[in-house]
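Colleague: Could you walk me through some helix packing and charged pairs here?

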Amino acid sequence: MSALLLASTAQAKTVIFALPYDNRDVMQDYHVLLLQKALSYSATPYTLLPAKETMAQSRVLREISQQTGIVDVFWSMTSVEREKLLKPVRVPLSRGLLGWRLLLVNQNTPFLSTPRTKQNTLFVQGYDWPDSQILKANGYKIHTANDYHSMFTMVEKGRVNALPRSVIEIADEHKNIAAKLFIAPDLMLYYPTAEYFFVSNKDSNLAAAIEHGLIEMYKDGSFNALFEQQYGTILTQLAQQKRKVLKLQNPLLPTATPLDKPEYWQPLPSHFEQINW
């Protein structure tokens, strides 16, 4: 029996995932739990380990693409460019919620009380985030930053008007990083997007194992159960609000995005009002 256990352990493949920013218990992160569960459906045993350091998305992409062994998989918003560089597992992880964007603002600036237009609004985003390109393509002024924490400071000091963050990110960030800021109560940006697991183009076996597991999770209900456990309260709170939605185009969205599978996407609350600037 001991020999069999040792053989099983020896055959397990180690998968290193990119560290999420400011996550205090990485093994309990929603995406890590999702990845772990998906890989449990594989006949090949896998062991998950976090990367040794946090890295900018551009570096993560490079490390995976070059198969340096520093990181094997990460989760991120998709784009045409990213799907050329890496292999996406086209099962959306957050049911489109990365494209539901609320605004972190400085409560003491005129942004909340004056008419807002594209001309008088300056957003801040990460320099290597697809969101920056999406907002620019829709005519918004963007300041990009290399440092994650500096974006919150820019809003606090009034250097920019707002930091758009997804509904699945903003509550934790507001609590742990941006307590001095305010979540604008009336507005939401929306653009269609998908968050996927990405692996090296040469790692077809890992991609296939993750895809198989995620599809099986949809079939047996464990995907939606984990999603509801993670985001159910957020969606319930959001549905109780009255928000105006700025619907934006996403020119970075690959044509292979499975928009024709409604089971993969969370619908917007029907009472939200669509507006234009």
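This is a predicted model: local features need pLDDT of at least 70, side-chain atom pairs count only at pLDDT 80 or more; totals for chains, interfaces and linings use all residues.

Colleague: Is Arg90 buried, exposed or partly exposed?

Modeller: Arg90 makes a salt bridge with Glu83, with the closest N and O atoms 2.6 Å apart. Glu83 counts as buried at 14% relative accessibility. Arg90 has a relative accessible area of 31%, so this residue is partly exposed.

Colleague: Which residue forms a salt bridge with Arg59?

Modeller: Look in helix α3 (residues 57-65), four residues from Arg59, about one turn of the helix. The closest N and O atoms are 3.0 Å apart, and the partner is Glu63.

Colleague: How far apart are the closest N and O atoms of Lys180 and Glu156?

Modeller: Lys180 counts as exposed at 66% relative accessibility, and Glu156 is partly exposed at 36%. A salt bridge needs the nitrogen within 4 Å of a carboxyl oxygen. This pair forms one, with its closest N and O atoms at 3.6 Å.

Colleague: Are α2 and α8 roughly parallel or roughly perpendicular?

Modeller: Their axes are 7 Å apart, at an angle of about 95 degrees. Among the residues that meet are Leu34 and Leu35 in α2, and Ile210 and Met217 in α8. Angles of 65 to 115 degrees count as roughly perpendicular, so α2 and α8 are roughly perpendicular.

Methods:
Residues are numbered from 1 along each chain as its sequence is written. Side-chain values use heavy atoms; hydrogens and water are left out. Axes are lines fitted to C-alpha atoms, for helices over the stretch in contact, and angles run from 0 to 180 degrees between N-to-C directions. Helices (H or I, at least four residues) and strands (E, at least two) are DSSP runs, numbered from the N terminus. Angles under 35 degrees count as roughly parallel, over 145 as roughly antiparallel, 65 to 115 as roughly perpendicular and the rest as oblique. Contact means heavy atoms within 4.5 Å. A salt bridge is a side-chain nitrogen of Lys or Arg within 4 Å of a carboxyl oxygen of Asp or Glu. Buried means under 20% relative accessible area, exposed over 50%, partly exposed in between (1.4 Å probe, protein chains only).
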